[in-house]
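Me: I have just opened this structure and would like to learn how to read it. Could you walk me through it with a few questions?

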Amino acid sequence: ACKGIVPREVIRIVTPGTVVSDTMLSEKESNYLFAIYFDESIDISWCDISTGEFCAGRIAEGGFEQLTETLVRVQPREIITNYPEEKAPALWDFAARTEGIYISCISGRLNYEKSAPGMLLAYLKDTQKQDITHLEPMKIIDDSVSMRLDKATVRNLEITETLYEHAANGSLLGILDLCGTA
């Protein structure tokens, strides 16, 4: 038995985007933490700490419309940004209207490289209080070499849910979930 005061410290801060517990996560959904760094362009980065997936990109054209399309596609659980609500009210309104998204401004709270990936990594180091080397090498997402599908197209193609029942069963994703491997 110890005598005297036992030193205690915070070992991890759990936020919606940093959950790693199997009991709190769905095996069919990603749990993304999304970083948005506003500068001349919009720098974005996201990761799923439970799988190690780590991506980044830049939005030069299209501004907020392209940002919201990306957010709808990625479906993050948490957004961190360097802009407070007063500087980016449309972003904060989007988060408030979208169920299940938590948003916070970390400007001035952490030292980070002036980029979305730098902000995201600094946030993870601050909240996880442990090694995060399990993250995969960052994958750069370049929209000029890929095709973006807007929300209406994804809905009409029934990729993740059926058009009328709004159920995964019968969608492309639902069918692929039934496939087995040899």
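Predicted model: local features only at pLDDT ≥ 70, side-chain atom pairs only at ≥ 80, totals over all residues.

Me: Which residues lie nearest the centre of the largest pocket?

Reply: The lining of this pocket is made up of 32 residues. Helix 1, helix 4 (151–156) and helix 5 (172–178) are the elements that give two or more residues to that lining. Nearest the centre of the largest pocket lie V72, R73, Q75, V154 and T160.

Me: Which element gives the largest share of the lining of the largest pocket?

Reply: By class, the lining divides into 14 nonpolar, 7 polar and 11 charged residues. The largest share by element is 6 residues, and they come from helix 1.

Me: Is T70 buried or exposed?

Reply: Beyond its neighbours within four places in sequence, T70 is in contact with F34, I44, W46 and I59. Buried means under 20% relative accessible area. T70 has a value of 2%, so it is buried.

Me: On which side or sides of helix 2 are its buried residues?

Reply: Helix 2 covers residues 89–97, and its buried residues are L91, W92, F94 and A95. They span an arc of only 155 degrees around the axis, so they sit on the same side of helix 2.

Me: What do the buried residues of helix 2 pack against?

Reply: The face turned away from the buried side carries the exposed residues A96 and R97. The buried residues themselves pack against strand 1 (33–38), helix 1, strand 4 (78–81) and strand 5 (102–105).

Me: Which residues lie nearest the centre of the second largest pocket?

Reply: About 230 Å³ of space lies in this second pocket. Strand 2 (42–48), strand 3 (53–59) and helix 1 each supply at least two residues of its lining. The lining has 15 residues in total, and those nearest the centre are R58, Q66, I141, D142 and D143.

Me: How many charged residues does the lining of the second largest pocket have?

Reply: Sorting that lining by class gives 6 nonpolar and 4 polar residues. The charged residues in the lining number 5.

How values were computed
Residues numbered from 1 in each chain as written. Heavy atoms only, no water. Buried < 20%, exposed > 50% of the residue type's maximum accessible area, 1.4 Å probe, protein only. Contact = heavy atoms within 4.5 Å. Helix = DSSP H or I, 4+ residues; strand = E, 2+ residues; numbered from the N terminus. Arc of directions from axis to C-beta. 1 Å grid on protein atoms, 1.4 Å probe; cavity = no way out; pocket = protein on both sides within 12 Å on 5 of 7 lines; lining within 4 Å. Nonpolar A, V, L, I, M, F, W, Y, C, P; charged D, E, K, R; others polar. Points joined across faces, edges and corners; volume = space filled by probe spheres on them.
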